[in-house]
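Subject: A structure for you to look at

Hello,

I am passing a structure on to you, together with some notes to read beside it. Please have a look at the model first, and then come back to the text.

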Amino acid sequence: MKRRIAVTGIGLITPLGIGTKETWDAACEGRSGVKTIERFNPSEHKTKIAGEITNFNPADFMNPKQAIKTDRFIQYAVSSTKLALEDAGLEITEELSPKVGTIIGTGIGGMETFVNTVLIMQERGPGRLSPFFIPNIITNLAAGHVSIIYNAKGPNCAMTTACAASSHAIGYATMAIKRGEADVMIAGGTEAPIIPLTIGGFNAMRALSTNNDDPQGASRPFDKDRDGFIIAEGSGMLILEEMKFAKKRGAKIYAEILGFGMSSDATHITAPSLDGPVRCMQGAIREAKINPEEIDYINAHGTSTQLNDSNETNAIKEVLGEKAYDVPISSTKSMTGHLLGAAGGVEAAFSVLAIDRGVLLPTINYNTPDPECDLDYVPNEARDAKINTVLSNSFGFGGTNGTLIFRKVD
C-alpha cells in the first residue's frame with residue numbers, strides 16, 4: 001500500500017525572526033531581514049550586508065554547556081527541531097524512537113569553527129586544538145546532534161548538495177517513510193555562513209549584491225536591477241509523518257508531500273541550464289501524479305542573480321506552458337536572503353504555510369520589471385488566495401536541482 005506523507009510540524013529560525021510565527025508574520029508584511037553585518041567588521045569587503053540573526057540565544061533551546069561546545073549551524077538545527085517537534089505536539093517515546101529518523105541538509109557545515117581553528121593552529125600550535133573541532137565542522141553532525149538530543153534512532157544522514165541540500169533532505173525523508181524505514185522524519189536544513197571568509201569567497205565569484213547603502217532593498221529577485229544574492233543564515237525544519245500515523249494520533253496536518261524531483265544540469269559548476277530545472281520539475285510532477293495545470297503557486301529558487309532568475313522563469317514556462325502566466329510565483333529570498341543549504345527547508349515551510357493559511361507571500365523590492373522575467377511574481381504585497389498545490393524549487397552549485405510538491409489535505 002502507498003504510504004502518504006503528512007507535514008505536521010514546522011520550526012523556523014531566520015533573519016525575519018526566531019520561531020515560525022515571527023518569521024511568517026514578517027514575511028506576510030513584506031519585511032526584510034537584511035542589514036549591515038554586525039558579527040564582524042565588514043569594511044574591507046565589497047559586500048557589507050547579510051541576512052544575519054542577531055537575537056538568537058542557543059541556551060533558550062538546548063543545554064547551555066552543550067551550546068558552548070557546538071558550531072552555530074548545529075545550534076540552529078537543534079533549536080529549529082525543538083520548535084518543529086513542539087509545533088507537531090510529538091513526543092518521541094522509547095517505543096517510537098526506532099521509527100523516527102533525521103535527515104538534515106547544509107551547504108558548508110561548521111565553517112566558522114574551521115576558520116577559527118586554523119587561526120589557533122597557526123598562532124598556538126596543534127597542542128591547543130579543541131577535541132570538538134572535527135565534530136563541529138563535519139556536515140552530518142547537525143543530524144547527529146538532533147538524533148541524540150531528541151532520541152531519534154531511525155535513519156540518520158546528511159545532505160550536502162549546496163543550495164538544494166534541504167530540499168533533497170526533505171525528499172529523501174519522504175522516501176524513508178514510503179519504504180517503511182520510518183513513520184516520522186525530522187527533515188530540513190541549517191546554515192551559518194556569515195563569516196569574513198565566506199563573504200570574501202562569494203565576492204570573489206561576483207555572486208553577492210553590493211548594494212550596501214540599501215540593505216533592505218538589496219535582494220530583488222526577478223527585478224531588472226538585481227545585482228546578486230544576499231547571503232543569510234538560519235534553519236528550517238519540518239516534521240514529516242506517515243499519514244495514517246499522523247491521523248491516528250490526532251496531529252494537525254499542514255499539507256501532504258506529493259512529489260519530489262531531482263536532476264543534474266551536467267553543464268557547469270555555477271551557471272544554470274534550462275534542461276536541468278525543467279526535468280527536475282517534471283519529475284516532481286510525475287511522481288505527484290498531477291497535471292502541471294493543477295499547480296496553484298510556486299515558491300521559486302529566485303536568488304536575485306541575473307542568470308538564475310531568468311533561467312528559472314524560462315524553465316517554469318517550459319513546464320507549464322501558457323499556464324505559467326496565470327500561476328503566482330514568490331521568491332521569499334527577497335525577504336530572508338539566501339540561506340544556502342537551509343534555503344529549501346525554509347521555503348518548504350513557507351509553501352505549506354501558504355496552503356494552510358491561504359496567503360501568497362510577496363516578492364519584495366520588485367520595482368523595475370525585467371522583459372526576460374515576465375511572470376506574476378506577487379510583487380511587494382502578500383495576497384489572500386485559495387491554494388491547493390504548491391511547487392517549491394531549489395537549485396545548487398554543481399548543477400544539482402530539487403523540486404518538492406505539496407498539496408492541501410481535505
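Below are notes on pockets, helices and a few single residues.

This is a predicted model, in which local features need pLDDT of at least 70 and side-chain atom pairs count only at pLDDT 80 or more, while totals for chains, interfaces and linings use all residues. Residues are numbered from 1 along each chain as its sequence is written, and side-chain values use heavy atoms, with hydrogens and water left out.

**Pockets**

A word on terms before we start. On a 1 Å grid over the protein atoms alone, a pocket is an open set of points where a 1.4 Å probe fits, with protein on both sides within 12 Å along at least five of seven lines; lining residues have an atom within 4 Å of a point. Grid points are joined across faces, edges and corners, and a volume is the space filled by probe spheres set on the points. Helices (H or I, at least four residues) and strands (E, at least two) are DSSP runs, numbered from the N terminus.

The largest pocket holds about 660 Å³ of space. Its lining is made of 36 residues, and Met205, Ala207, Phe229, Thr270 and Phe397 are the ones nearest the centre. Two or more lining residues come from each of α8 (196–204), α11 (306–320) and β14 (389–396). Sorted by class, the lining of the largest pocket has 17 nonpolar, 16 polar and 3 charged residues. Here Ala, Val, Leu, Ile, Met, Phe, Trp, Tyr, Cys and Pro count as nonpolar, Asp, Glu, Lys and Arg as charged, and the others, Gly among them, as polar.

For the second largest pocket the volume is about 150 Å³. Of the 14 residues that line this second pocket, Thr113, Thr117, Ile120, Ser130 and Phe133 lie nearest its centre. Helices α4 (111–124) and α5 (133–137) each give at least two residues to the lining, and α4 has the largest share, with 4 residues. The classes in this lining are 5 nonpolar, 6 polar and 3 charged.

**Helices α7 and α13**

Next, look at where α7 (residues 165–178) meets α13 (residues 343–357): their axes come within 5 Å and cross at roughly 65°. Axes are lines fitted to C-alpha atoms, for helices over the stretch in contact, and angles run from 0 to 180 degrees between N-to-C directions. On the α7 side the contact (heavy atoms within 4.5 Å) uses Ser166, Ser167 and Ile170, and on the α13 side Ala343, Gly344, Gly345 and Ala348. By class, the residues of this contact are 3 nonpolar, 4 polar and no charged.

Ala169 also lies in α7. Is Ala169 buried or exposed? Ala169 has a relative accessible area of 0%, so it counts as buried (buried means under 20% relative accessible area, exposed over 50%, partly exposed in between, with a 1.4 Å probe and protein chains only). Leaving aside residues up to four places away in sequence, Ala169 touches Ile103, Ile104, Gly105, Met159, Ala187 and Gly188. Ile104 is 65 residues from Ala169 along the chain, yet their C-alpha atoms are separated by 5.7 Å.

Ala143, in helix α6 (residues 141–149), is buried too, with a relative accessible area of 0%. Among the residues that Ala143 touches, not counting those up to four places away in sequence, are Thr102 and Ile104.

Buried residues of α10 include Gly276, Val278, Met281 and Ile285. Among the elements that cover the buried residues of α10 are β9 (255–264), α11, β14 and β15 (400–407).

Just after α10 comes Lys289, with a positive phi of about 55° although Lys289 is not a glycine. Lys289 sits in the loop between α10 and β10 (297–299) and is exposed, at 68% relative accessibility. Ser304, likewise not a glycine, has a positive phi of about 85°. Ser304 belongs to the loop between β10 and α11 and is buried, with a relative accessible area of 0%.

Enjoy exploring the model!

Best wishes
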